[in-house]
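Here is a note to read beside the model.

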Amino acid sequence: MKDRIQELVRRLPQGIDAVLVTSSCNRYYFTGMRSSAGTLLITREKSYFIIDFRYIELAKRVVRNCEVILQDDLNRQLEELMKRHGIRNAAVETSYLTMGGYNAFVRDLPGVEILPGEEADKAILALRAAKDQEELANIRAAQKIAEEGFLHILNYIRPGLTERQVAIELEHEMLIRGAEGLSFSTICVSGVNSSLPHGVPGEKAICAGDFVTMDFGVKINGYCSDMTRTIAVGHVTDEMARVYDTVLSAQLAALDIVRAGVPCVEVDAAARNLIDAAGYKGCFGHGLGHSLGLEIHEDPRFAPKSQAVCIPGMVMTVEPGVYLEGKFGCRIEDMVYIGETEVENLTHSPKELIVL
């Protein structure tokens, strides 16, 4: 954890004296401790983690790269620490801090300029974009549990069960296999509902002839996994088979070009152009994928307007879909790890069309 703070300080633009970190995900990233509260002050000389009585004992045991301080009067404590280090200004996490939080810092720290720019925020997010081996191990462990849950659910789904019943069974199976929590609320949509990319599982019964799309993931040590599979129940029509083949071909085309140095927009285009050429232009309305880690959606993105470039260490989803309003939809999603010279697909569940 010490190296992460040092690396952030190294990346800070000149003119920024300190960074105030208040978001739970970034506190955890830099300190190794999860908590619902706490303020991390990073200066160029030393860092401080100010935490209340509920967490102070744990913080003293866990946090090794900051001086741990019991919170009393937070603003007075911050003011004293900043005076000690001659801090004239402090940057904040613009992606996480509310306007009310920003105004409170401005009001309560009158001797310090609270910088409204995104420089520090961008430095933090860029640092988090490249996963180290410990982070990657956590994502792999989470994905393993998710895939075990998927194999279980293939033996559970049958006509007559509701979407909600399937989602609950899948979540239960993943949790009893060791997941500490869900990456997000499980999506399970069937038949006409499968045209809703982020549909909510409801009381619709699964019927023969339905596509069933399941988008799910779990957390291990705070790190998320994410996968989607679309399966069929009973039988498929020629149109359903054609859509499934199109989506799978689009995903394979994108996976074929993903590597360090490739612009994210080109990865998106590899899948999108194939879907458009197959006659489904306008039926793939979301980006091809996103980074993930401590949060289920992180930057960068595989998207038509992305200006990012793939760099070593990124974990990205590749999830094309075709959604035919009022009829059905299909999405297939894998996660990939982008290395220096190779790309590893972290998702091992079968992708050929499964008809239960």
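1. Basis. This is a predicted model, in which local features need pLDDT of at least 70 and side-chain atom pairs count only at pLDDT 80 or more, while totals for chains, interfaces and linings use all residues. Residues are numbered from 1 along each chain as its sequence is written, and side-chain values use heavy atoms, with hydrogens and water left out.

2. Helix 2, burial. Helix 2 covers residues 24–31; helices (H or I, at least four residues) and strands (E, at least two) are DSSP runs, numbered from the N terminus. Seven of its eight residues are buried, so helix 2 is largely enclosed by the rest of the structure. They are Cys25, Asn26, Arg27, Tyr28, Tyr29, Phe30 and Thr31. Buried means under 20% relative accessible area, exposed over 50%, and partly exposed in between (1.4 Å probe, protein chains only). Gly32 follows the helix and has a positive phi, near 80 degrees.

3. Helix 2 against helix 6. The axes of helix 2 and helix 6 (residues 119–129) come within 12 Å and cross at roughly 60 degrees. Axes are lines fitted to C-alpha atoms, for helices over the stretch in contact, and angles run from 0 to 180 degrees between N-to-C directions. The two helices are therefore oblique to each other (under 35 degrees counts as roughly parallel, over 145 as roughly antiparallel, 65 to 115 as roughly perpendicular, and the rest as oblique). Cys25, Asn26, Tyr29 and Phe30 of helix 2 make the contact with Ile124, Leu127 and Arg128 of helix 6, contact meaning heavy atoms within 4.5 Å. By class, this contact has five nonpolar, one polar and one charged residues. Ala, Val, Leu, Ile, Met, Phe, Trp, Tyr, Cys and Pro count as nonpolar, Asp, Glu, Lys and Arg as charged, and the others, Gly among them, as polar.

4. Helix 3. Tyr55, Ile56 and Ala59 are the buried residues of helix 3 (residues 53–62). Seen down the helix axis, they fall within an arc of 125 degrees, so they line one face of helix 3; the arc is that of the directions from the axis to the C-beta atoms. Strand 3 (47–51) and strand 4 (67–70) are included in what covers these buried residues. Glu57 and Arg61, on the other side of helix 3, are exposed.

5. Helix 7 against helix 8. Helix 7 (residues 133–154) packs on helix 8 (residues 163–176) at an angle of about 135 degrees, with the axes 9 Å apart. This pair is therefore oblique. Which residues meet? Ile145, Ala146, Gly149, Phe150, His152 and Ile153 in helix 7 meet Val166, Glu169, Leu170, Glu173 and Met174 in helix 8. The residues of this contact divide into seven nonpolar, two polar and two charged.

6. Val192. Val192 sits in the loop between strand 8 (187–190) and strand 9 (211–216). Val192 is partly exposed, at a relative accessible area of 41%. Leaving out residues up to four places away in sequence, Val192 touches Lys204, Gly326 and Lys327.

7. Asn221. Although not a glycine, Asn221 has a positive phi of about 50 degrees. Asn221 lies in the loop between strand 10 (218–220) and strand 11 (223–224), and is partly exposed at 37% relative accessibility.

8. Asp299 and Pro300. The peptide bond joining Asp299 and Pro300 is cis, with omega about 10 degrees. Pro300 is found in strand 14 (residues 298–302).
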